[in-house]
Amino acid sequence: MRSVFCTILLLLGGLSACSSHPKEATTPSDAQAWIDASKEKMSKIKSYDAVIDNNIDITISNHMEYSHILDPYGIKGMIALDMDAGALGNMTQNVDIYIEEKDEQYQMYTKAQGTSDWLIEYLNNSEVTNYEPIELIHIFLEGISDAKIIRTEEIEGMKAQVVKGIIFGENLKELFKATSSASNFTDMNLEKISDVAFTKVFSNVPPLSIHIWIDTKSQYVIKYEMNMSEVMNQIIANVFEENVAKEWSYGNAQISTTCKNFNQVKPITMPKVK
């Protein structure tokens, strides 16, 4: 059961330019033009800030704020977790988080606010993507299908084209792998999961509907939203017995991420951890 809980949190934690701007229209071909332009722009990003809000039914919600520098690598952030623990009551916890690349691996430092001790955890390339919204953006831009512009919207003073599309099949598997969530179903490393196992996990999984906001001026992706409930419920049903699957089904698993301050993040100073 704990592995399911970890899977949900990881998957939710979780999933670039052209010299002239694509025209503002609502046909699929025009949506693809905006996506292609954004892919070129986003591939050149050096740093950014991100705000992530996850809401799973009424039991779990978390708010995350990250600053991410790609080179030299560094992440600084805060995770605010709010969880209904049933008989134990409501549990809230704010956690400070830092990640750096050191000695050819990633080291993550976490500390619950109000405490003095830092915990150290070592992450591999797959695990660290849980803390990198830009990696999910790359997957969305590369794997989106049936894209169309549904409206123009203003976010924090920026005009954006709102693109709706779906992720399915192999691209959805890549999204899943990018969060390292599959390892929680099998208690083994991703590299050891067979193609047969993945085929079972993703059998009859519906397409994931996503919305992407592309800034009309910079062509950066400044926001994305998705609801993982149908996808997660089918995956859980594929892996666990019916009674367990029903217990862990979700009516809502909404993820909303906003990115800003592209290429403007100041150098990150890591905490002094003994």
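A polar contact is a pair of N or O atoms within 3.5 Å; within protein, one must be able to donate a hydrogen and the other to accept it, and residues adjacent in sequence count only if both atoms are side-chain atoms. Keep that in mind for the first stop.

This is a predicted model, in which local features need pLDDT of at least 70 and side-chain atom pairs count only at pLDDT 80 or more, while totals for chains, interfaces and linings use all residues. Residues are numbered from 1 along each chain as its sequence is written, and side-chain values use heavy atoms, with hydrogens and water left out.

**Stop 1: H68**

Select H68 in strand β2, residues 60-69. Strands (E, at least two residues) and helices (H or I, at least four) are DSSP runs numbered from the N terminus. Is H68 buried or exposed? Its relative accessibility is 2%, so H68 counts as buried (under 20% relative accessible area, with exposed over 50% and partly exposed in between; 1.4 Å probe, protein chains only). Now show Y48: its side chain and that of H68 are joined by a polar contact of 2.8 Å. Beyond residues up to four places away in sequence, H68 also touches others, including K46, E132 and V265; contact means heavy atoms within 4.5 Å.

**Stop 2: the largest nonpolar core**

A nonpolar core is a set of buried Ala, Val, Leu, Ile, Met, Phe, Trp, Tyr and Cys residues joined through side-chain atoms within 4.5 Å. Which residues of the largest one touch the most other members? Select M42, I99, F140, L208 and M226, out of 58 residues in this core. Helix α4, residues 133-143, gives the most to it, with six residues. Apart from this core lies another, of six residues, among them Y98, Y109, V265 and M270.

**Stop 3: helix α4**

Colour α4 next. This helix is mostly covered, with eight of its eleven residues buried. Those eight are P133, I134, L136, I137, I139, F140, L141 and G143.

**Stop 4**

Move on to M226, which sits in strand β10, residues 221-227. With a relative accessible area of 1%, M226 is buried. Finish on L208. Leaving aside neighbours within four places in sequence, L208 is in contact with G165, I166, I167, L172, L175, M226, N227, M228 and V231.
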